[in-house]
Amino acid sequence: MNPAADAKRYNLGNGGLVRFDWKVVEAVSLYGLPFADLVFQAQSVHRQNFNPNHVETASLLSIKTGGCPEDCGYCSQSAHFDTGVQATRLMDGHDVVVAAKRAKEAGATRFCMAAAWRSPKERDLDRVCDMVSAVKGLGMESCVTLGMLTATQAVKLSEAGLDFYNHNVDTSPEFYGSIISTRTLEDRIDTLAHVREAGIKVCCGGIIGMGERVEDRLGMLVLLANLPSHPESVPINLWNEVKGVPVNEKAERPDPIAVARLVATARIMMPKSVVRLSAGRQYMTDELQALCFLAGANSIFIGDILLTTPNPQLNRDAHLFARLGITSELTEPSNAADRGAD
Ligand code: SAM
Ligand code: DTB
Ligand code: SF4
């Protein structure tokens with residue numbers, strides 16, 4: 001281990017080297033650096049690419065919940081499992097705009113609309129395109145996650161003004177098959193290619209805490225970092241517990257230090273991507289979140305509910321940002337005196 005050599009190797013003077021040829025062993029050795037060296041490296045890369053005191057705030061809305069034909073073993077919305085989630089129809093466009101306005105008032109700059117589909121039907125896609133245009137009209141960034149897309153569907157969304165498409169790889173290639181059987185990792189990579197080709201920015205990450213090994217978490221980062229271009233947004237979800245799904249049998253909540261290590265490793269491997277602490281912040285202490293921001297996380301979802309599971313309350317997030325001197329649309333601390341913990 002030689003941090004000076006590492007600093008040179010990772011070209012920290014140049015904002016972090018953007019590489020697409022990561023090997024799992026390299027990710028493992030980065031992840032295993034002494035904690036201070038790892039976080040220092042991650043923070044160095046972070047501040048060469050981003051304002052280290054700013055965190056992006058996104059808001060999530062389930063525009064079509066439950067009844068999904070896919071069998072993702074972690075998900076409350078799959079029709080394969082008895083999770084107690086009621087299936088709904090696609091929301092009315094007007095109600096979506098009302099929710100987006102509310103999210104904007106609460107401080108969200110990005111509005112992400114999620115549908116529990118394997119892939120969208122053409123008629124539904126037209127309705128989602130109208131929602132995207134309306135959200136853009138509010139001056140917010142738009143994101144949708146609708147399952148698999150054809151190239152033509154991606155172009156339609158792009159023409160409607162869509163900024164981001166979320167489609168996760170979820171886990172490592174090795175662990176993938178023990179979590180999902182109804183669509184392959186290759187299917188997902190094809191959708192990501194269609195999204196990218198249509199000129200839409202990619203939001204792609206995964207979940208930890210489903211019983212995978214640390215090597216799988218790092219294998220997932222390698223998969224993401226070796227895509228033809230790095231996703232502009234990388235959501236890191238801690239599995240949010242739901243009843244009745246197969247993941248319950250193997251799930252294990254990750255050690256908090258392991259979470260911070262993973263965020264730091266993601267930051268170094270994808271220096272220019274926004275890394276989002278997504279699901280699972282409800283299990284994180286304020287101190288762990290602070291450590292993750294130090295390690296390079298720079299986005300969160302705000303609002304009391306994600307899709308079907310809880311998220312920290314707005315005032316807790318606002319208070320945390322104020323204590324850390326983090327700027328966002330959620331809170332703009334006016335001076336350091338306001339930042340003390342109470
Ligand atoms: N149905 C679409 C799809 O899967 O492509 C979009 C919605 S799906 C809910 C989006 C992502 O949320 C999943 O790929 C998964 O990474 C994440 N997710 C789903 N359930 C979760 C849970 N209980 N805890 C953490 N993340 C979860
Ligand atoms: C992502 O990676 N996380 C968000 C978003 N993309 C769509 C979804 C989290 C869902 C958490 C489980 C739930 O609330 O049902
Ligand atoms: Fe369906 Fe998406 Fe849930 Fe998988 S993650 S079951 S595709 S809603």
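Ligand 2 sits in the largest cavity. A cavity here is a set of points, on a 1 Å grid over the protein atoms alone, where a 1.4 Å probe fits but cannot get out, and a molecule sits in a cavity if more than half of its atoms lie within 2 Å of its grid points. The model is predicted, with local features needing pLDDT of at least 70 and side-chain atom pairs counted only at pLDDT 80 or more, while totals for chains, interfaces and linings use all residues. Residues are numbered from 1 along each chain as its sequence is written, chains are lettered from A and ligands numbered from 1 in the order in which they are written, and side-chain values use heavy atoms, with hydrogens and water left out.

Around ligand 2 there are 13 residues, of which Asn168, Asn237, Leu307, Thr308 and Thr309 come nearest. A residue is counted as near a molecule if one of its heavy atoms lies within 4 Å of it. Polar side-chain atoms also approach ligand 2: one of Asn166 lies 3.1 Å from a nitrogen atom of the ligand, and one of Asn168 lies 2.8 Å from an oxygen atom. In the side chain of Asn237, an N or O atom is 2.8 Å from an oxygen atom of ligand 2. Taken alone, ligand 2 exposes 410 Å², and the protein buries 87% of that; such areas come from the Shrake-Rupley method with a 1.4 Å probe.

Ligand 1 also sits in the largest cavity. It has 17 residues around it, and those that come nearest are Thr145, Asn168, Asp170, Arg183 and Asn240. The side chain of Asn168 has an N or O atom 2.9 Å from an oxygen atom of ligand 1. For Asp170, the corresponding distance from a side-chain N or O atom to an oxygen atom of ligand 1 is 2.7 Å. A nitrogen atom of ligand 1 lies 3.4 Å from a polar side-chain atom of Trp239. Ligand 1 exposes 550 Å² when taken alone, of which the protein buries 90%.

Helices (H or I, at least four residues) and strands (E, at least two) are DSSP runs, numbered from the N terminus. Asp216 counts as buried because its relative accessibility is 3%, where buried means under 20%, exposed over 50%, and partly exposed in between (1.4 Å probe, protein chains only). Not counting residues up to four places away in sequence, Asp216 touches Ser172, Glu174 and Phe175; touching, or contact, means heavy atoms within 4.5 Å. The side chains of Asp216 and Ser172 are joined by a polar contact of 2.7 Å. A polar contact is a pair of N or O atoms within 3.5 Å; within protein, one must be able to donate a hydrogen and the other to accept it, and residues adjacent in sequence count only if both atoms are side-chain atoms.

Glu212 lies in the loop between β6 (206-208) and α9 (214-225). With a relative accessible area of 7%, Glu212 is buried. Its side chain makes a polar contact of 2.7 Å with the side chain of Arg217, and a polar atom of the Glu212 side chain lies 2.7 Å from the backbone nitrogen of Met210. Leaving aside neighbours within four places in sequence, Glu212 is in contact with Phe175, Ile207 and Arg217.

Thr150 belongs to another loop, between β3 (141-145) and α6 (151-159). Thr150 is partly exposed, at 40% relative accessibility.

Note on methods:
On a 1 Å grid over the protein atoms alone, a cavity is a set of points where a 1.4 Å probe fits but cannot get out, and a pocket is an open set with protein on both sides within 12 Å along at least five of seven lines; lining residues have an atom within 4 Å of a point.
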